[in-house]
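Visitor: I would like to go through this structure and test each label against its cut-off. Please show it first.

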Amino acid sequence: MSHFDLLVRGGVAVLPWTVAECDVGVRHGRIVALGALSDATADTVLDARHLHVLPGLIDPHVHFRDSGVPGTGDPEVETMATGTRGAVLGGITCVLDMPNTTPPLTDVAALAAKRAMVARDALCDVGLYVGATRDNISDLATLETAPDVCAIKVFAGSSTGGLLIDDDLTLERVMRAGSRRIAYHSEDEARLRQRRALFRVGEPYSRHAEWRDERCALLGTQRIVSLARLTRRPAHILHVSTAEEFKWLAAHRTIATVEVLVNHLTQASDAYDRDGPLAVMNPPIRDARHRDAAWAAVADGRVDTVGSDHAPHPIAAKQRPWPDCAAGLTGVQTLLPLMLDHVARGRLSLARMVDLMAAGPAQVYALSELGRLVVGARANLTLVDLRARRMIEADWLASPCGWSPFVGTRVTGWPAATVVGGRIAMRDGALGSQSVGTNS
Ligand SMILES: [Zn+2]
């Protein structure tokens, strides 16, 4: 008779090849058995009756704002501890954290500081992006293969200081340094700057989408993909947001993978009337034509990953007049509830959602132990109740900044448990007692 550390019993599992009733046996942090395990015993049994058991879901795009360097950051906005708390409460088992902290993650020392913080504070697995700058190009090939690094991130637009790389020659030098897929914020910086002069401070928040227009997005993405082709360096285009980009990218699947944000699948221009500055993000929320195009791209397989672009700010910074208001939305905790609601409304299948939130990011970022519910994989699991009807409430949010444009939204489908490395990190909305540290 088999004995497991953890036995997930009685659920319907989303396996790569089928969706079926299937127990999951876990030992030493790994999945070791799949199938009917009714005779088995375990230290801990997780009752999954009436639940679906998914491979641990991944949010590949978060900004937890925390460098790990003592004396930096703002605990009233977000920390590694609170960000990963939000993740596991929201059914996310792994996040990939962006490098534009203060100080930014652009060298070996900053990587060491952040890894130490993750090992100490994180409640889920955390992969780390390294930012490319004009000054660290010769180090990128080494940095991208360091433990816990998920990718190099390039801000070709929409950043400031050292992290902005907006000229072709430097972009090409970055692409020729190293070999892993690079993740890009691709909005065209020159056009953004040019168009800024067309608007005045205090105009309606909906101007955001006029300023950072479709052409900014398309020009930037075309330039990155052309350079990626030239250098044969795989690219991942973050937060693709326009019908024109989706159309153009369809011919470039061999070199460029595609991320869509849940915001761009969920919101359209009316968000500015409803949420004002809380709708402001980059690239912007656009009109329904682009949202429809994003769903069409999800439906026919052109999209590889869905992320939240979780980017908390103090509410006072959000409420400044446009365009001085901070851009970015909290979202790691609401990503899965919103996606499950899209499943409930028939906009995509549960299997496609799992593909976008587990297998897809695992493939794009080469996270070989994650993304599929298979024997031998790291025991990361997300259990969901597809029929639960809930409202997203402010006091459920772990992020200290305390706001979300989705507070008050009613959804069908809710995370029931989160398992990270074989340990229960969340069950029925309550956190597990142990910190799980890094993916090692
Ligand atoms: Zn981002």
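Visitor: Which residues is isoleucine 92 in contact with, leaving aside its neighbours within four places in sequence?

Guide: This is a predicted model. In it, isoleucine 92 is in contact with Leu57, Asp59, Ala87, Cys124, Val332, Leu335 and Leu336. Contact here requires C-beta atoms within 7 Å.

Visitor: Which residues touch the most other members of the largest nonpolar core?

Guide: They are Val53, Ile92 and Cys124, in a core of 117 residues. Helix 14 gives the most to this core, with 8 residues.

Visitor: How do you know that this core lies between domain 1 and domain 2?

Guide: Look at who contributes. Domain 1 (3-53 + 377-431) and domain 2 (56-364) both give residues to the core, so it lies between them. There is also a second, separate core of 12 residues, which includes Ala209, Ala271, Tyr272 and Trp322.

Visitor: What makes valine 24 a buried residue?

Guide: The cut-off is 20 or more other C-beta atoms within 10 Å. Valine 24 has 27, so it is buried. Valine 24 sits in strand 4 (residues 23-27).

Visitor: What does valine 24 touch, not counting residues up to four places away in sequence?

Guide: Valine 24 touches Val8, Ala13, Ile31, Leu34, Val53 and Leu381. As for glycine 10, 14 residues apart from valine 24 along the chain, the two C-alpha atoms are separated by 9.0 Å.

Visitor: What is the strand order of the open sheet?

Guide: The order is 3-2-7-16-17-18-19, 7 strands with mixed pairing.

Visitor: Why do strand 3 and strand 19 stand at the edges?

Guide: Count partners. Strand 3 (19-21) and strand 19 (430-431) each have a single partner strand, so one side of each is left without a neighbour in the sheet.

Visitor: How do you know that strand 18 is joined to strand 19?

Guide: Pairing needs at least two bridges. Strand 18 (residues 423-427) and strand 19 have 2, so they pair, and they run antiparallel.

Visitor: How do you know that the span of helix 7 is close to the expected one?

Guide: Compare the two values. Helix 7 (residues 214-231) has 18 residues and reaches 26 Å from first C-alpha to last. At 1.5 Å a residue, 26 Å is expected. After the helix comes arginine 232, whose phi is positive, near 55°.

Visitor: What do the buried residues of helix 7 pack against?

Guide: Those residues, among them Cys216, Leu219, Ile224 and Ala228, pack against helix 4 (168-175), strand 12 (182-185), helix 5 (189-196), strand 13 (235-237), helix 8 (243-249) and strand 14 (256-261).

Visitor: How many residues does each domain bring to the contact between domain 1 and domain 2?

Guide: The C-alpha centres of the two domains lie 26 Å apart. The contact takes 30 residues from domain 1 and 40 residues from domain 2. On the domain 1 side, strand 16, strand 17 and strand 18 each supply at least two residues. Strand 17 gives the largest share of that side, 8 residues.

How values were computed
Residues numbered from 1 in each chain as written. Predicted model: local features only at pLDDT ≥ 70, side-chain atom pairs only at ≥ 80, totals over all residues. Helix = DSSP H or I, 4+ residues; strand = E, 2+ residues; numbered from the N terminus. Core = buried A, V, L, I, M, F, W, Y, C linked by C-beta atoms within 7 Å. Domains from an automatic or database assignment. Contact = placed C-beta atoms within 7 Å. Expected span 1.5 Å × (residues − 1).
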